[in-house]
Amino acid sequence: MGILLTKEIDNTVHDPTRPHELITGGQTFTSVTDHICGIVERPGAPKAWWISIGITASLAAVMFAMIAYLIFTGVGVWGLNNPVGWGWAIVNFVFWVGIGHAGTLISAILFLLRQKWRTSINRFAEAMTIFAVICAGIFPGIHVGRVWVVWWLFPLPNYQAMWPNFRSPLLWDVFAVGTYATVSLLFWYTGMVPDLATLRDRATSKVRKIAYGFFALGWRGSNRHWHRYEKAYLLLAGLATPLVLSVHSVVSFDFATAQVPGWHTTIFPPYFVAGAIFSGFAMVMTCLIPARRVFNLQNFITLYHLETMAKIILATGTMVGYAYATEFFIAWYGGNPAEQFAFVNRAFGPYAWAYWTMVSCNVISPQFFWFKKIRTNPWSLLVITIFVNIGMWFERFVITVTSLSRDFLPSSWGYYQPTIVDILTFVGSFGLFFTLVLLFVRFLPMIAMAEVKTVMPQQHWENKTARPVGDYHGTNPE
Amino acid sequence: MNKSPDQAYWRSLEELGDKPEFRQFLEGEFPAEAAVPTDAVSRRRFLQLMGASVAMAGVVGCRWPEEKIVPFTSRPEGVDPGIPRGFATAMELAGEMRPLVVTSYDGRPIKVEGNADHPLSLGATDHFAQALVLELFDPDRSRHAVERHGGTEHKRSWNDFETYAAEHFGALRASGGTGLAFLVERSSSPTRAAMQDRVREVFPQAGWFEWEPLTRDNERSGAAQAFGHAVATNYRLGEAKVVACFDADLFQDHPTALRNAREYTAARRVEDGRMNRLYVVEAGYSITGGMADHRFPTASSAIGTTLLQLAAELTTKQGLDLPGDFGGMKEALGHAGHAPAWIPALARDLMHHRGASVIAVGSRQPDWVHTLAHLLNRALGNTGRTVVHVDLSDRNRPHHAAAMGFLADSVGRGSVNTLVVLGGNPVFDGPADTDMAGLFAKIEHTIHLSDFVNETSKACAWHLPRAHTLESWSDVRDAEGRYSVVQPLIRPLYEGRTPIELLALLLEGSPAAGHVLVRSTADGMLPVLDRETAWLKLLQSGVLTGSESVEVVPTLEGRGIVAGVRRGAAAHAPELGENNLEIIFQRDPSLYDGRFANNGWLQELPDFMTKLTWDNAAILGYATAEALGVKHGDLLTLDVGGRTLEMAAFVQPGQAPWTCVVQLGHGRTAAGRVGDGTGFDTYTLRTAATLDFSDGLKIGRTGRSYPLSTTQDHFAIDATGRNEREQRSHTLILEGTYEEYKQDPNFVEHRHHLPPLRSLWEERTYEGHAWGMTIDLNSCNGCNACVVACQAENNIPVVGKDQVGRGREMSWIRLDRYFQGEPDEAKVAQQPVACVHCEMAPCEQVCPVGATMHSAEGLNEMAYNRCVGTRYCANNCPYKVRRFNFFNFNKDIPDVQQMVYNPEVTIRARGVMEKCTYCVQRIESVKIEAKNEGREVRDGEIKTACQQTCPTDAIVFGDLNDETSKVAELTANERSYHMLAELNIKPRTSYLARLRNPNPELAESSDGHPAH
């Protein structure tokens, strides 16, 4: 086990004369393996884990109960009405898909860009991506009026030769989110194979041996394995990179290609992608900050990692703020009265409270990250990232609901209010998400051990002071 | 089964009918229980019943002398199963008839239309008539007689009643009817009038009292004062250039309302070179007020004074000569007081159009105002031209309020021990100062014939089920005396009998068939030669030609007029204010007097102006509400002369200051599952002396609020939204003045600037038919008939108050209503909106499964079976005409009510989207007919349901590719425009801009809102 930290080590200042210390605390390969595997191998989960999963699983159960009620009764159990045909379900869908963005971005784009600090957080972020996409995927499925025929959205051969309408952005969504979920899952799993083999090798019980062994795909750490593995990983990273940009672009098309004022705007694809990265990183931070504390991962997920993510949040948050401003400018500059009203209505209409919540959380709160003190303090980071999560949910709410509630004909304007079913379903989706997260931290290595070891000083021959100690499999040759 | 004279023809069927099992089947035909929702009637059983009714329809109607049953397998000659047939009939509301043609589908009446052969309808109806079929199949209708002793009630049959009647009325016949009284609804039926005469013969001691809560007695006494006897006043608005309405809702609340609306709009069709001008003086909005070129919100109590001021202006300043010597008139008019600025302008307009103007006074105004109007119309030379009178058949009857007073007195004296109530619901709608229930309790024998077990039935010893209009033989006269026969479309579903049948039973001691009674009346009017053919012709056309009354020009009774006007002038209008408001009683635009409370279509029909459903409310103006500190939806305490009622407030533009309009008919307690407990019972505030309006209203706040479900303006709107709504309404409903139009007939094109509209892809072309529609906003008055017609035609579900409150109403066509200008002097604009069938439909592009697609004829079609229910189409529809089935709104519909469904239209399942189809079923049926006959579809042959019922012909449907069609002509009209054309979605429905014709003198001052 590594050294327990009582105080944060500040590795945020880079001394150019020395290699940047991404993993602190003088870790050896063995200590890394011991620490990360130790979390999973600990016999009997801690009480806190049981309590947590009890709560989250109950919430997830509430969500499933709500879904059952919905399917038996009708979409009317939600607060939808005639002008507002899409409410919380779609808001939640876009929110969760957005959350799912950080993982692939970290895995794929930062990998291709050789950002070494990604190794400490990519596993966790990728897992989060999968779970977020699972949560996201529930909503479009259940929000339709007739759930039992939702498979008609897939281009399945049928005797009537009926095809879906390829002009519809909803169909593009099916493909975009489907592809994204598949590639993310593959990516996550592929990256985990060496670590699963480590767990297999360290396993003491038969069940663990078989389970981890099955998923380790017979990994032996041979040169050929490593060679194929790294090729595959690189290819998947290349494949996933455009998906990071495409999935939320396509999700934004649901809105952008419609002609509802407030939706029909070309800025949506980049704006949605920036927002998704923004919210994804915020969620990663929100989850990681408590996790590194609970599992003593401060040497792996260091202040430097947190600070870097805070900088990305600051950058993307500012982009999002810029997009908000641009929308207003274009609404005015474009001279389309319906568009102009849509934006005036957002800021000053009946949903002004939601709009200003969004602006405060998304534009103002990340600006605190200009201050180093704030962006290197886990507590302030936690608070601000939670605000960002709230803000990003409200962004989707503002876009979806305010635009629909007042479109072209004032006679048909309406006001949307969620019902208790809406609320419980959304809260329940958090239950599902955190249940999956808790299962993940209990049964799978939450830090990519094999990858972390590549960025440790011992890996680098030019670093004379640190000699390689230990191997990938946890057996110490000394 | 009746034996009929032409047995031989049906012999084989008769033999079949003799078999016991078939008899059993017959007896069970439409048993009361068949429709009890909790009763598990199998589909098979239901189909059996249906088959029987089909067969009956086959024998022309079903309560004909040849009443027989034929099995479905042997088809009667001339009847094709599945081919709907129309039968002419009529309905009455408070003695005012509506000529109808009812579509019967395999023996089931499913749709009501106006009778095109009848001059009052010409094919149009109002929403009450449209909703009649739902009432017929109402599962809450009374199914059997009920006898009440003390607190218990017993199920009885007509046989039981006949036994009772034989004894009780036998004794009464012997005593000449001592202690007997009849309380009846108003009816124009000559047969009933004949029975009333017979009552006088058989029961010379009996009393005959007539009560209608929505009475037009003021008109009668006004005319009686002017002419010495009561006459009916009708209008020829087609001839009128200037119409001035004083609290008169000529387009909805008048016996010839449909014709008034039609003639008025025809007389402002600029394409025909015609234009008229409408002034309306009223307290709260009426349909007519919404159409006005100038509307002056005025308290009801001040309207008489206003007319007095107009009279003074006309006679003293404009030099109008009174027809004859009216000593003392000058002085009376001298008391008129200071006139508002618009009076001289109106007076000049009337003077310029002598003989072509109308001064109309509404039934709510006291008699002397009517008297004065008669005088002015005569002086202006309108009488006989634009204002015509016909004699009233019941002109000598006492007023309804008086009759009720007489009855109460008789009961109080103990001189009534048997009361026969024919229809109506006096316990609910009687004057508040008469304790009706208490009155009934004092009478030993009370008998109520009613189609529902209503409040009155519950206060009577006997309740007898009444046959519905569509099950009845009866006859009626219209407002001009034309004779029509009411013929049944279906045999009574339950044991209902008609009032004339009951009267016959009570008078003669034995039941008589309705058709015999009607036939004997009709025979008196039909030519002796070939009477049978004439009778059949009468039934076929629904109106007896040449039966209308002769127009009369009664002589003016100078003394009565002067006395009346002096009396009116002396009684100054009360000073209204915060502590003395005016309460105005109005019929409910949807429920009439409350009789339609259990009709879901009408309950959910948005009020034409407030858009309120499922409730009534105390309607207050903005300034008044503000002064009282009342907010929309607040629960108020209304106090008039010590009678109090808690009622929700509705703040409405265009309402006269210090007035409060309350609608009658809600708050029923024994209406049925739909009508119980909706709204507030305002009859409790309405006394015999204040049937129309009254001052002395005090309004207090309870501090609580009440949810009101409206279909527009679902929530209190913020300033941003209000400004935008008003601004935008001017671009959605294009309007101009007649002056603008004369200067530039293309003003619409010049006002409606569009960006260059180019498509991103090659547009589809349409060969063959290209269906399209035009809606003339200059004609539409927002009467709502199309909304119910569409609901009846297209099986549109009723969703209930809660769902309407959530914005989930299902109507395929709605009337968008926008107020413009200052709230208390607002102008109003109405616009019917249904799916406009865009050629480049935004809904089609976004549906992921292709459930909504374009047909080769340009219809935007919904494949319900394919719909997944993403609601994306509804989001992307700029007109918001798509309706989503959030729940299974067709669940738990009792079997009997399911009979109202149009079999040509799919019932939509839960979770699918629906919307206007341009009545595709009607298009297809005409196309099939044309194809069978080997010809092209003729223009005007296809009528959508909304178009067919529209009294003002505002809606025209047809083939845009046919250059000679009416719709193509109107689409090319210079007033034509496409709403939201800037989106380049190419809607097939175009609107014709509304033209207002303000008086140039008043254009600046009172109508000073910018004409943009």
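Let's start with Asn984(B). With 19 C-beta neighbours inside 10 Å, Asn984(B) counts as partly exposed, because burial here takes 20 or more. This is a predicted model, so keep that in mind throughout. Asn984(B) sits in a loop of chain B, between strand 37 (976-977) and strand 38 (989-992). Its phi is near 55°, a positive value in a residue other than glycine. Why point that out? Most residues other than glycine have a negative phi.

There is another case in chain B. Trp658(B) has a phi near 60°, again positive and again not a glycine. It belongs to the loop that joins strand 24 (643-651) to strand 25 (659-664) of chain B. Buried or partly exposed? Trp658(B) is buried, with 25 other C-beta atoms within 10 Å.

Now chain B as a whole. It has 35 helices and 39 strands. Its radius of gyration is 29 Å, close to the 31 Å that the globule rule gives for 1012 residues, so chain B is as compact as a globular protein of that length. The C-alpha atoms fill a box of roughly 80 × 75 × 65 Å along the principal axes. Of the 1012 residues, 58% are buried. Take the contacts between residues at least 6 apart in sequence: 74% of them join residues at least 24 apart.

Next, the domains of chain B. Domain 1 covers 7-136. Domain 2 comes in two pieces, 145-215 and 399-541. Domain 3 is 217-391, and domain 4 is 576-710. Domain 5 is again in two pieces, 719-753 and 769-996. How far apart are the centres of domain 2 and domain 3 of chain B? The separation is 37 Å, taken over C-alpha atoms. Seven residues of domain 2 of chain B are in contact with six residues of domain 3 of chain B. On the domain 2 side, that is two nonpolar, four polar and one charged.

On to helix 8 of chain B, residues 217-227. It is mostly covered, with 10 of its 11 residues buried. Among the buried ones are Asp217(B), Glu219(B), Arg220(B) and Phe227(B). What do the buried residues pack against? Their partners in chain B are strand 8 (231-235), helix 14 (367-379), helix 15 (400-412) and helix 22 (558-570). Just after the helix, Gly228(B) takes a positive phi of about 90°.

Over to chain A. Here we have 16 helices and zero strands. The radius of gyration is 24 Å, close to the 23 Å from the globule rule for 478 residues, so chain A is as compact as a globular protein of that length. Its C-alpha trace spans about 80 × 55 × 40 Å along the principal axes. Buried residues make up 50% of the 478. Of the contacts in chain A with a separation of 6 or more, 81% are between residues 24 or more positions apart.

One helix pair in chain A. Helix 1 (residues 29-41) and helix 6 have axes that come within 11 Å and cross at roughly 70°. The range of 65 to 115 degrees counts as roughly perpendicular, and these two helices of chain A are therefore roughly perpendicular to each other. Which residues meet? Helix 1 of chain A brings Thr33(A), Cys37(A), Val40(A) and Glu41(A), and helix 6 of chain A brings Thr198(A), Leu199(A) and Arg202(A). By class, this contact has three nonpolar, two polar and two charged residues.

Now the interface. How many residues does each chain give? Chain A gives 44, and chain B gives 44. On the chain A side, the elements that give two or more residues are helix 6 (169-202) and helix 11 (337-348). Helix 11 of chain A has the largest share, four residues. By class, the chain A side has 25 nonpolar, 15 polar and four charged residues.

Last stop, Leu153(A). It lies in the loop between helix 5 (122-143) and helix 6 of chain A. With 22 C-beta neighbours inside 10 Å, Leu153(A) counts as buried. Its C-alpha atom is 8.5 Å from that of Asn165(A), 12 residues away along the chain. Beyond four places in sequence, what does Leu153(A) touch? In chain A, the contacts are Pro164(A), Leu171(A) and Val174(A). In chain B, they are Pro848(B), Val849(B) and Val868(B).

Methods. Residues are numbered from 1 along each chain as its sequence is written. Chains are lettered from A and ligands numbered from 1 in the order in which they are written. This is a predicted model: local features need pLDDT of at least 70, side-chain atom pairs count only at pLDDT 80 or more; totals for chains, interfaces and linings use all residues. Two residues are in contact if their C-beta atoms, placed from the backbone, lie within 7 Å. Ala, Val, Leu, Ile, Met, Phe, Trp, Tyr, Cys and Pro count as nonpolar, Asp, Glu, Lys and Arg as charged, and the others, Gly among them, as polar. Domain bounds come from an automatic or database domain assignment. The radius of gyration is taken over C-alpha atoms; the globule rule is 2.2 Å times the number of residues to the power 0.38. A residue is buried if 20 or more other C-beta atoms lie within 10 Å of its own, exposed if 12 or fewer, and partly exposed in between; C-beta atoms are placed from the backbone. Axes are lines fitted to C-alpha atoms, for helices over the stretch in contact, and angles run from 0 to 180 degrees between N-to-C directions. Angles under 35 degrees count as roughly parallel, over 145 as roughly antiparallel, 65 to 115 as roughly perpendicular and the rest as oblique.
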